[in-house]
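This report concerns the structure shown below.

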Amino acid sequence: LAQTFTEWECLLIDDGSPDKSGEICDGYAAKDSRFRVFHKQNGGVSSARNLGLDKACGEWVTFVDADDMIAPNFLSALVEPTQKYEDLDFVHAGCCNYRDGKIVGIEQQYEPYIGNNPAYLFNKFRGLTFSKLFRLENVNHWSDGLPLRFDEKMKIAEDMAFTLDYILNVRQYAFVAETGYIY
């Protein structure tokens, strides 16, 4: 809610949570139409992310894990290069570590960079899905027109597999100095 960039939608996926998470999600949706909630039987993180991708309507998608946070300028910093360079497929930002109620250091930080050199991208990127923007059209028409989705059989590194598969088809990308993803 505190994002300085205001043109977003947030898909909250209640993956069969046994606590009050579903009710909390519904409360946000009742207060702000930018929140949409989907309740499903527990299927794991890949299943939840896939449902989000199936329901997403925007031009870009990013992922925020339930136990992480984002700084108020996080989305605006990610979106900024997409407004200057229309042919971007991918935007990558850094992140901070959070422990015991406070930010304890920068995990990753990048110099601003726009490029199309696959070697530079492969040398710099971090495979996790957070702190990145993926063009939704590319995700939904990834290979032979078929969508790219998370492998629901994988129990670890499913996010790395998704990100690596995605960047194989990236033509133009940006790195930004933003470190507002709080891990």
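E158 lies in helix α6; helices (H or I, at least four residues) and strands (E, at least two) are DSSP runs, numbered from the N terminus. The model is predicted, so local features need pLDDT of at least 70 and side-chain atom pairs count only at pLDDT 80 or more, while totals for chains, interfaces and linings use all residues. Residues are numbered from 1 along each chain as its sequence is written, and side-chain values use heavy atoms, with hydrogens and water left out.

With a relative accessible area of 8%, E158 is buried (buried means under 20% relative accessible area, exposed over 50%, and partly exposed in between, with a 1.4 Å probe and protein chains only). Leaving aside neighbours within four places in sequence, E158 is in contact with V45, S46, R49, F150 and D151, where contact means heavy atoms within 4.5 Å. E158 also belongs to a network of salt bridges that links R49, D65 and E158; a salt bridge is a side-chain nitrogen of Lys or Arg within 4 Å of a carboxyl oxygen of Asp or Glu.

## Helix α2

The buried residues of α2 are S46, S47, A48, R49, N50, L51, G52 and L53. Their cover includes the strands β1 (10–15), β2 (35–40) and β3 (60–61), together with the helices α5 (136–140) and α6 (158–167).

## Salt bridges

By the rule given above, the count comes to 11 salt bridges. One of them joins K40 and D15, with the closest N and O atoms 2.8 Å apart. This pair links distant parts of the chain, since K40 is in strand β2 and D15 in strand β1, 25 residues apart. Both K40 and D15 are buried.

R34 forms a salt bridge with D32, again with the closest N and O atoms 2.8 Å apart. R34 counts as partly exposed at 22% relative accessibility, whereas D32 is buried with a relative accessible area of 14%. A further salt bridge connects E80 with K84, the closest N and O atoms being 3.2 Å apart. E80 and K84 are 4 residues apart in helix α3, so about one helical turn separates them. An α-helix has 3.6 residues a turn, so residues three or four places apart point the same way. E80 is partly exposed, with a relative accessible area of 40%, and K84 is exposed, at 58%.

## Pockets

The largest pocket has a volume of about 1,700 Å³. On a 1 Å grid over the protein atoms alone, a pocket is an open set of points where a 1.4 Å probe fits, with protein on both sides within 12 Å along at least five of seven lines, and lining residues have an atom within 4 Å of a point. Grid points are joined across faces, edges and corners, and a volume is the space filled by probe spheres set on the points. The lining of the largest pocket has 48 residues, of which C10, L11, L12, T62 and V64 lie nearest its centre. Two or more lining residues come from each of β1, α1 (21–31), α2, β3, β4 (69–70), α3 (74–84) and β9 (132–135). The largest share, 6 residues, comes from β1. The lining divides into 29 nonpolar, 9 polar and 10 charged residues; Ala, Val, Leu, Ile, Met, Phe, Trp, Tyr, Cys and Pro count as nonpolar, Asp, Glu, Lys and Arg as charged, and the others, Gly among them, as polar.

The second largest pocket holds about 150 Å³ of space. Its lining includes E80 and K84, along with A77, P81, Y85 and F175. At least two lining residues are supplied by each of α3, β8 (113–115) and β10 (173–175), and α3 gives the largest share, 4 residues. By class, this lining has 10 nonpolar, no polar and 2 charged residues.

## A mixed sheet

An open sheet of 4 strands runs in the order β4-β11-β6-β7, with mixed pairing; two strands pair if DSSP finds at least two bridges between them. Strands β4 and β7 (102–108) stand at the edges with a single partner strand each, so one side of each is left without a neighbour in the sheet. Strand β6 (residues 95–99) and strand β11 (residues 181–182) pair in the parallel sense over 2 bridges. The bridge partner of C95 in β11 is Y181.
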